[in-house]
Amino acid sequence: MCNFARSMVLNWIWVAFFIIAFVIALVKLVFLGDFEVFPAMMDSTFSSSKTAFEISLGLTGVLSLWLGIMKIGEKGGVVNVLARLLSPIFTKLFPDIPKGHPVTGSIFMNIAANMLGLDNAATPLGLKAMEQLQELNPKKDTATNPMIMFLVLNTSGLTLIPISILVYRAQMGAAQPTDVFIPILLATFFSTLAGIIITSLFQKINLLNRTILLTLGGAALVVAAIIWGFGQLDSVLMNTVSTSAANIMLMLIIIAFILAGIRKKVNVYDAFIEGAKDGFTTAVRIIPYLVAILVGIGVFRASGAMDMLTDGIGWCVEACGGNSDFVGALPTALMKPLSGSGARGMMVDAMTTYGADSFIGRLSCIFQGSTDTTFYILAVYFGSVGIVKTRHAVTCGLLADLAGIIAAIAIAYMFFS
């Protein structure tokens, strides 16, 4: 059922790429005498297919490296440590869950795994949490407050280590693949903070209690200090400091995971190999998906439809007196709530078209990392327990997405303009 929901959304998006591209190309041919548009579209199918395969092949080594490191962290108990750290704040955000109920542990583990980018571990834990929440649900077809808060925390996409984005940037030839690490961390914080505040207002959760104020207020002060500190630097120095800080943080994470594994008496080498094998199979598994979405986007772009879309949005922004430099990256932001793989394709397309180190290329990566696939997550998790009345879940999820998009644009201008 979950895979069916996801495939139906992506199916219609993919079909729309081709139909819209064909109609626009036909109009250009018949009314404008453009005899180059159809050859350009067919050329794009071959070039996009080749690009997709080359990207997937190039991902194998780096993906194997990071999934190996993540497996060490997983076996070393890092997820459990994060769960314990998150416990005080989460008990306040889920007041309807009885104290000591086992669902609390599943929620903590799911959010902690998501923060570390452990998707394979996060999804089973999330589905288990939904089953346990459903046991507490008096109306089996209607979403409860804890269910909605849980899913909004998922859709807001709080991630400490955006591994896949850094890997794609490296594969696309970015001079410093990690230069978007700090911007993504900031943007996803604002998305998550907005999601918590909006959902709490709907559910009448008191955010003014001591634990929540200390946690969210402390985090907000840290983020404000980071933004203020970087704001004192010129763009070149800001980029240098941001990249250095990101690389130091990532190296510290690797060392911390290894030390956690040693502390738990884990054979870290064997754990790394186990995770690295998953990296190889993952890289091979995404080839058909990447080919499909990049070919669809390539045809859509070659027909001129993508330019019409971005030019139209850009014209509206400029008419309102705004800076339209960000418009080229908007397709990634618009696609993200609908499809993760579709948004990934848009991100790769932006880096291919404008350059990995261009403003648009970097912003598309920040968009990709600042939120998660709202509709897919809602369909999967609600569908798994038979929820049909979602109440305010969609509204809260989309408003969190909007906050993430606005934050991503502002932060990209701050770091890279």
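1. Leu26 is partly exposed, with a relative accessible area of 37%. Its place is in helix H1, residues 2-32. Note that this is a predicted model.

2. Leu26 belongs to a nonpolar surface patch, together with Ile19, Phe22, Val23, Val27, Val30, Phe31 and Leu32. Together these residues have about 820 Å² of accessible area.

3. There are seven aromatic pairs by the rule used here. One is Phe22 with Phe38: the ring centres are 5.9 Å apart and the planes meet at 70 degrees, so the pair is edge-to-face. Phe22 lies in helix H1 and Phe38 in helix H2 (residues 37-75), so the pair ties together parts 16 residues apart in sequence. Phe22 is partly exposed at 44% relative accessible area. Phe38 also counts as partly exposed, at 25%.

4. Phe359 and Tyr413 form another pair. Their ring centres are 5.0 Å apart and their planes are at 35 degrees, so this pair is tilted. The pair links distant parts of the chain: Phe359 is in helix H16 (residues 359-370) and Tyr413 in helix H18 (residues 393-416), 54 residues apart. Both Phe359 and Tyr413 are buried.

5. Gln134 sits in helix H5, residues 119-135. Its relative accessible area is 10%, under the 20% cut-off, so Gln134 is buried. The side chain of Gln134 reaches the backbone oxygen of Val385 at 3.0 Å.

6. What does Gln134 contact, leaving aside neighbours within four places in sequence? The residues are Lys140, Met147, Val385 and Ile387. Pro146 is twelve residues from Gln134 along the chain, and the C-alpha atoms of the two are separated by 10.0 Å.

Conventions:
Residues are numbered from 1 along each chain as its sequence is written. This is a predicted model: local features need pLDDT of at least 70, side-chain atom pairs count only at pLDDT 80 or more; totals for chains, interfaces and linings use all residues. Side-chain values use heavy atoms; hydrogens and water are left out. Helices (H or I, at least four residues) and strands (E, at least two) are DSSP runs, numbered from the N terminus. Buried means under 20% relative accessible area, exposed over 50%, partly exposed in between (1.4 Å probe, protein chains only). Contact means heavy atoms within 4.5 Å. A polar contact is a pair of N or O atoms within 3.5 Å; within protein, one must be able to donate a hydrogen and the other to accept it, and residues adjacent in sequence count only if both atoms are side-chain atoms. Patches are made of residues with over 30% relative accessible area and no salt bridge: like charges are joined within 9 Å, nonpolar side chains (Val, Leu, Ile, Met, Phe, Trp, Tyr) within 5 Å. Accessible areas come from the Shrake-Rupley method with a 1.4 Å probe; for residues, only the protein chains shown count as cover. A salt bridge is a side-chain nitrogen of Lys or Arg within 4 Å of a carboxyl oxygen of Asp or Glu. Rings of Phe, Tyr and Trp (its six-membered ring) pair if their centres lie within 6.5 Å; planes under 30 degrees apart count as stacked, over 60 as edge-to-face and the rest as tilted.
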